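Hello,

Here is the model for your set-up work. My notes follow below it.

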Amino acid sequence: LVNLYNRSFEFGLNMEKLSILIPAYNVEQWLSRCLSSILAQNTEDVEIIIVDDGSTDNTLQCAKKFSAKWNNIKVFSKNNEGVGAARNFLLDKAQGEYIWFVDSDDYIVDGCLISILAELSGDLDLLSVSYNDIQQRSFEGTGINYIKEHLITGYLWSKVIKREIIEKASIRFESKRCSQEDWFFLMHVYPVLTYVKQIPLKAYVYCDDNKQSVMRGIGVEHKKKLVADSLETICNFKVFINEIRNEPYVEVYEQWMNTSVAGFLYSLFPLDYSLNEIKRDIEKFRERGIYPAGKTGRKKLDFFLRVVNHEYIYILLIRLYRLLRP
């Protein structure tokens, strides 16, 4: 009885089963699609929380129109600080036993909610669902085994997580990040999970039709911000790896970091990024023991890294690429 009382006190006597958390920024064209995909299903035991992150279009007005019709929708507005801060804001507002981050320019599959809610019982800490045409294989076990079997991804929107786990471990997003904050958050969540379940249920549709999203925005300064966020997140992940050096899953995390380094180096080829800036970033990686990068566990990426781990070859390849591109 004491445990039941404490649990009720912690999460609220009228706790919902699931909180769907939606950060929104300049998505007036897509927010209706997202919300309609949720509201078309049985949303009993579900709260929907939207935070408008200082949009300059009609995103906030669109959200308020929905909240005026649906009692289970809560809408907040804040100054623009980036998606990391917006997600932390949503976590602080959530009351559900479980939380599910849904991006405002994506949507969920019709009929998936009833299946998801049926899974959210007992000792489950995290439920991983399938998305688009990706069929994930089934898994049940601990978070550490989930890591060791190389099943982890950085896709936050495919994970439904028990809120108590996040709160007890004091896990939050890097508030200054506009990208890369999602996988870094999950890497802290995975090891503390006692019971993970992954199912082949197609529940989420990731869309790429919002050309103004954080990851697809245009402009030199925007792209440089994404590069800076990626570099800082990889460096911070290296610090985290050093802290878990004796854990049985550290090798998998090191491979993830090296994969991220390979992606970072590859992404610089077409960018309007000076060679001096590239050399500066390589030096930052080198100072932290990240460059030259180690193995990723993937043959093609390992071959790529064997080449670009030599800085002079990497710089030469970038020069050639930029010289020959149209």
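What joins the side chains of Asn 72 and Thr 43? A polar contact of 3.4 Å does. Please bear in mind that this is a predicted model.

More on that residue. Asn 72 sits in a loop, with α3 (59-69) on one side and β3 (73-78) on the other. Its relative accessibility is 16%, under the 20% cut-off, so Asn 72 counts as buried. The Asn 72 side chain also reaches the backbone oxygen of Val 46, at 3.2 Å. Leaving out residues up to four places away in sequence, Asn 72 touches Leu 39, Thr 43, Val 46, Glu 47 and Ile 48.

Now the whole chain. The secondary structure comes to 13 helices and nine strands. The radius of gyration is 21 Å; a compact globule of 326 residues would have one near 20 Å, so the chain agrees with that expectation. Along the principal axes, the C-alpha atoms fill a box of roughly 65 × 45 × 35 Å.

Of the 326 residues, 52% are buried. Among contacts with a separation of 6 or more, 81% are between residues 24 or more positions apart.

Last, surface and charge. The chain exposes about 16,000 Å², and carbon and sulfur atoms supply 52% of that area. There are 41 positive and 43 negative side chains. The centres of the two sets lie 5 Å apart.

Best wishes

How values were computed
Residues numbered from 1 in each chain as written. Predicted model: local features only at pLDDT ≥ 70, side-chain atom pairs only at ≥ 80, totals over all residues. Heavy atoms only, no water. Helix = DSSP H or I, 4+ residues; strand = E, 2+ residues; numbered from the N terminus. Rg over C-alpha atoms; globule rule 2.2 N^0.38 Å. Buried < 20%, exposed > 50% of the residue type's maximum accessible area, 1.4 Å probe, protein only. Contact = heavy atoms within 4.5 Å. Areas by Shrake-Rupley, 256 points an atom, 1.4 Å probe, with all protein chains shown as cover. Lys, Arg positive; Asp, Glu negative; His and termini not counted. Charge placed at Lys NZ, Arg CZ, Asp CG, Glu CD. Polar contact = N/O pair within 3.5 Å; in protein donor to acceptor, adjacent residues only side chain to side chain.
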